[in-house]
Every structure is written in C-alpha cells, then in structure tokens.
Amino acid sequence: MKQRLTVLGSTGSIGTNTLDVVRRHSEDYEIFALSAATQVDAMLAQCAEFKPRFAVMASGAHAQALADLLKTNGLQTQVLQAQDALEQIASHPDVDAVMGAIVGAAGLSPCLAAAQAGKRLLLANKEALVVGGALFMQTVHANGCTLLPIDSEHSAIFQCLPEDRSTWGARIDSLLLTASGGPFRQRDPATLFEITPAQACKHPNFSMGRKISVDSATMMNKALEVIEARWLFDVAPEKIKVVIHPQQIVHSMVQFKDASILAQLGTPDMRVPIACGLAWPERIESGVARLDFTSLAGLTFEEADAHRFPGLHLSWQALQAPEGTTAVLNAANEVAVAAFLGNQLRFDRIHAVNLATLEKLQPARPHSLGDLLALNDEARSVASSVLERFVA
Ligand code: NAD
Ligand code: MG
C-alpha cells in the first residue's frame with residue numbers, strides 16, 4: 001500500500017527536499033495534498049509532477065491564480081481556499097502521513113489537526129512545538145499520533161534512543177544538541193550590528209529558508225531546538241546541553257546513565273532525516289552522498305559563547321517560567337527576525353526585542369489551541385510595540 005502524504009509548506013527548503021526523496025520512491029509514496037504561501041509557479045510545477053488531489057495557497061488571490069493556471073494546463077488538482085483548508089488536508093481520512101514544513105507559528109493549527117486525527121506527523125516546523133508545548137504533546141499522545149522529528153538534531157536523538165519510549169526517563173542522562181555556530185561563530189561581537197540580511201542568510205553548510213537562517217546566525221534556532229527537545233523527549237531542561245560542532249557531521253548525541261554516549265553521524269543534508277521520518281522504522285535511499293571519513297579534516301567541538309549568542313540561554317529561562325512563555329519567546333523572535341529581514345531592525349537588536357517582550361508579557365496558562373493562538377497574537381502585538389524602541 002502506498003503511503004499518502006500531505007506536505008505543508010511544499011515549496012520551501014524542507015518541502016522541496018521532501019519531494020526530492022518522494023520522487024525516488026514513487027512506488028511507495030503518493031502525494032495527496034500540497035500547500036504553500038504565495039509561490040504560485042513553484043506550486044504549479046509541483047502539481048504537474050505529483051498530481052495531488054488538493055493544493056492550498058495562503059491567500060484567495062494566490063489560490064485563484066493557481067486555479068487558473070491549473071485549468072490552462074489541464075491539471076485536475078483542486079485548489080482549496082477555505083480558512084481551515086490546511087487543517088482539512090492535514091486531517092483528511094485518506095491521508096496517512098503529514099510533513100509539517102511551514103515556517104513559524106502559522107504551522108501550529110494544521111500540525112495539531114494532524115496530531116488530533118492520529119496521523120503519522122513528520123515535524124520540521126519546530127515553532128509549532130515551541131508554541132504548542134505540553135498541549136501539543138498531550139494531543140499527540142491522546143490520539144495515537146506517531147510523531148517523527150525531522151529537525152536533524154532531534155532526528156539524531158530519536159535514532160539513538162530505544163524505540164520503547166517508556167524506557168527513556170530511566171535511561172537518559174542528558175541530550176547533547178550539536179550546533180554549527182552559524183556564519184558569525186568567530187566574528188567580533190562588536191561588529192554584529194552591521195550584519196545585513198544577505199550575510200545572515202548565507203549559512204556555511206546548508207541552504208535553508210530565510211527565517212531559520214537568521215535563527216542559526218543568532219543561535220535562536222538552537223534555543224528553539226532546546227525547547228523542542230524538552231517536549232519531544234520529555235526531559236528536564238537542565239538535562240539538555242548544547243555544544244558547537246562546526247562541521248555538522250555529528251548531528252546530536254544521547255548520554256545514558258552509565259556515561260555511554262550514542263551519536264548519529266552523516267553527511268549534513270536534510271534528506272537524511274526526511275527519508276528516516278518517511279520510512280521509519282524501515283530505511284530507504286535518501287539520495288545523499290555517503291560520508292567519507294578519510295576526507296574529513298577533523299571533528300571539533302567548542303562551547304557556545306554567551307556574549308556572542310545571548311539568545312541561546314533564553315530557552316532554559318523560558319522553560320523554567322510559567323507555561324506559555326516559550327510561545328511568547330517564539331512570537332517575539334518571529335517579529336524581530338521579520339523586522340531584521342525587512343531592514344528595519346539591527347541584527348544585534350533581535351535579542352533585545354525578545355528579552356523586552358518576555359519582560360513585558362507574563363502569559364496566563366494556555367488550555368486550548370484557541371488560547372495558544374490568542375497568546376501568539378498578543379505576544380506578536382507586544383513585540384511589535386517593543387520593536388519601535390529598537391528600530392534604527
Ligand atoms: P522556507 O521558508 O524555505 O519554507 C516555508 C514554507 O512554508 C514555504 O512553502 C512557504 O510557502 C510556506 N509558508 C510560509 N509562511 C506560511 C504561512 N503563513 N501559511 C502557510 N504557508 C506558509 O522554510 P524552511 O527552511 O523549509 O523551514 C520550514 C520549517 O522547517 C521551519 O520551521 C524550520 O525551522 C524547519 N527546519 C528547516 C530546516 C532546513 O534545513 N531548512 C532544518 C530543520 C528544521
Ligand atoms: Mg536543526
């Protein structure tokens with residue numbers, strides 16, 4: 001039986017890598033639905049190749065443009081425009097697996113819909129889990145959803161852990177998340193104010209979406225990943241550690257109670273964790289070059305510099321604070337990064353916006369998706385007003 005797949009965010013970096021793996025296995029996977037924000041031409045090409053039943057665009061105008069083009073090209077894909085279209089394609093009874101590859105809190109509702117419908121959920125969209133927190137995991141467990149991490153560090157940890165999650169608590173000593181350190185790992189912190197969006201988006205090892213590229217440069221990406229790990233693996237925040245490893249060959253590690261460490265290694269290419277999630281517990285060809293150990297100059301590890309990367313520690317602080325605080329941190333960071341990418345905010349002030357937003361908003365405990373979405377909106381509006389103090 002073919003696995004029927006919905007790809008949320010199919011035109012992005014993770015989305016296109018997902019389709020690249022699927023393309024190699026057309027006998028095992030079939031695309032049920034695709035979604036994108038505004039990239040009509042890319043979506044048309046994907047519809048022509050993968051013939052999904054549904055395609056969803058983020059606005060009515062883009063949906064109409066796509067529908068017209070599909071018609072002109074004689075393609076049968078139906079374009080959905082309803083407000084809840086993403087939730088529909090994520091929870092449709094004919095879907096087996098959902099790839100959550102939208103960027104930001106915008107992916108929360110459809111990922112939760114997939115979890116609620118008990119799907120196999122391949123989660124790249126870390127912000128959904130950072131915002132959703134305990135509620136997200138309760139929804140996963142209450143509905144028999146199989147949650148497969150796609151973020152490379154979390155996929156690595158997942159692969160190092162025993163399959164029986166009831167043993168994790170007793171066996172895990174700590175989780176060691178590796179980080180590339182981004183493009184400014186060795187740059188003089190005093191010069192970070194002059195970083196441009198183009199410089200921040202030039203990651204040393206990967207080509208990624210613009211938001212995660214900026215997050216990698218500030219190491220807020222790792223902060224979000226600490227929070228993601230806390231929820232995925234149900235470990236106390238103090239048991240999650242970060243170590244910089246610029247070569248990105250070791251994708252993360254688990255230290256067990258007896259001090260033994262298991263690591264997952266390989267060529268840094270997102271198609272590996274994607275293929276792993278698609279086939280789990282089986283293994284399929286990912287299309288990625290095998291790692292040649294003899295050509296490696298060396299593997300190095302170093303501590304993350306708290307002066308250069310002040311945002312990293314906000315993760316542990318937010319996890320110690322009342323529930324909902326991680327959602328506030330995520331919203332502030334989304335607003336600050338968008339302002340930086342729009343040339344409104346200096347790179348070295350992203351952290352200041354995040355910190356000031358956290359100080360200004362003490363959230364009430366969220367009890368539902370509605371509460372989470374309201375909190376996200378409130379935090380975005382606080383961050384936007386805070387931002388005015390910091391714009392150049
Ligand atoms: P991207 O910007 O390349 O792609 C994002 C996708 O989501 C696009 O298809 C876009 O059209 C869609 N989208 C954006 N905003 C939307 C909205 N408001 N509503 C609906 N759709 C929307 O981003 P990416 O690099 O592919 O990252 C996607 C997610 O995966 C992020 O959460 C990121 O943190 C995570 N991730 C990415 C990588 C990577 O290597 N790129 C690695 C690990 C985790
Ligand atoms: Mg990662």
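Trainee: What makes Arg271 and Asp269 a salt bridge?
Mentor: This is a predicted model, so the distance is computed from its atoms. The N to O distance between the two side chains is 2.9 Å. The cut-off is 4 Å, between a side-chain nitrogen of Lys or Arg and a carboxyl oxygen of Asp or Glu. The pair therefore qualifies.

Trainee: Is that pair buried or exposed?
Mentor: Arg271 is buried, and Asp269 is buried too. That label needs a relative accessible area under 20%.

Trainee: Why is the contact between Glu49 and Arg23 called a salt bridge?
Mentor: The closest N and O atoms are 2.6 Å apart. The limit is 4 Å, so the contact counts.

Trainee: Where do these two residues sit in the chain?
Mentor: Glu49 is in helix H2 (residues 40-50). Arg23 is in helix H1 (residues 13-23). They are 26 residues apart, and the pair links distant parts of the chain.

Trainee: Why is Glu49 called partly exposed?
Mentor: The relative accessible area of Glu49 is 41%. Arg23, at 40%, is partly exposed by the same test.

Trainee: Which residues are linked with Glu49 in a network of salt bridges?
Mentor: Asp20, Arg23, Arg24, Asp269 and Arg271 are linked with Glu49 in that network. A search of the whole structure finds 21 salt bridges.

Trainee: What makes Glu323 and Arg365 another such pair?
Mentor: Their side chains meet at 3.3 Å, N to O. That is within 4 Å, so they form a salt bridge.

Trainee: What does that pair tie together?
Mentor: Glu323 lies in the loop between helix H13 (314-320) and helix H14 (325-341). Arg365 lies in the loop between helix H15 (350-360) and helix H16 (369-390). The pair therefore ties together parts that are 42 residues apart in sequence.

Trainee: Why does Arg365 count as exposed?
Mentor: Its relative accessible area is 52%, and exposed means over 50%. Glu323, at 30%, counts as partly exposed.

Trainee: How many disulfides does the structure hold?
Mentor: The structure holds 0 disulfides.

Trainee: How do you know that Cys111 is in no disulfide?
Mentor: The nearest cysteine sulfur, that of Cys145, is 9.3 Å away.

Key. Residues are numbered from 1 along each chain as its sequence is written. Chains are lettered from A and ligands numbered from 1 in the order in which they are written. This is a predicted model: local features need pLDDT of at least 70, side-chain atom pairs count only at pLDDT 80 or more; totals for chains, interfaces and linings use all residues. Side-chain values use heavy atoms; hydrogens and water are left out. Helices (H or I, at least four residues) and strands (E, at least two) are DSSP runs, numbered from the N terminus. Buried means under 20% relative accessible area, exposed over 50%, partly exposed in between (1.4 Å probe, protein chains only). A disulfide is a pair of cysteine sulfur atoms within 2.5 Å.
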